[in-house]
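I set out to record what I looked up in this model, entry by entry.

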Amino acid sequence: MEYLDFLKQDLQELEFKCYFTKNYLYLMGSKGLKVCSSTEIVVLLRRKKFSIVGENLEIDELSKHEIRVKGNIISISIVD
């Protein structure tokens with residue numbers, strides 16, 4: 001798994017982890033979902049939101065605060 005270095009500082013401050021593999025994006029430490037569609041997923045964090053935009057997005061809940069996203073991911077970002 002590869003860590004998303006360009007978000008490293010923000011993710012550490014938010015107590016949230018994000019890893020990706022060839023087929024999946026793993027999100028750990030989420031507080032819930034705000035938007036969930038096949039083109040956009042917005043995950044609630046402690047103080048901000050984590051946005052994933054793409055095509056054919058699907059979510060698997062692995063545990064209470066851990067999800068896995070698959071599909072054609074176009075962009076990811078932290079939003080207020």
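I count a salt bridge when a side-chain nitrogen of Lys or Arg lies within 4 Å of a carboxyl oxygen of Asp or Glu. The model is predicted, so I noted that local features need pLDDT of at least 70 and side-chain atom pairs pLDDT 80 or more, while totals for chains, interfaces and linings use all residues. Residues are numbered from 1 along each chain as its sequence is written, and side-chain values use heavy atoms, without hydrogens and water.

Entry 1, salt bridges. I searched the whole structure and found three salt bridges. One of them joins the side chains of Lys48 and Asp80, at 3.4 Å from N to O. Lys48 is in the loop between S5 and S6 and Asp80 in the segment after S7, so this pair ties together parts 32 residues apart in sequence. Strands are DSSP runs (E, at least two residues), numbered from the N terminus. I also noted Arg68 with Asp60, whose closest N and O atoms are 3.1 Å apart.

I take a nonpolar core as buried Ala, Val, Leu, Ile, Met, Phe, Trp, Tyr and Cys residues joined through side-chain atoms within 4.5 Å; buried means under 20% relative accessible area, exposed over 50%, partly exposed in between (1.4 Å probe, protein chains only). The largest core has 14 residues, and Phe16 and Val43 are among those with the most contacts inside it. S3, S5, S6 and S7 each supply at least two residues of this core.

Is Ser30 buried or exposed? I found Ser30 buried, at 5% relative accessible area.

How values were computed. Helix = DSSP H or I, 4+ residues; strand = E, 2+ residues; numbered from the N terminus.
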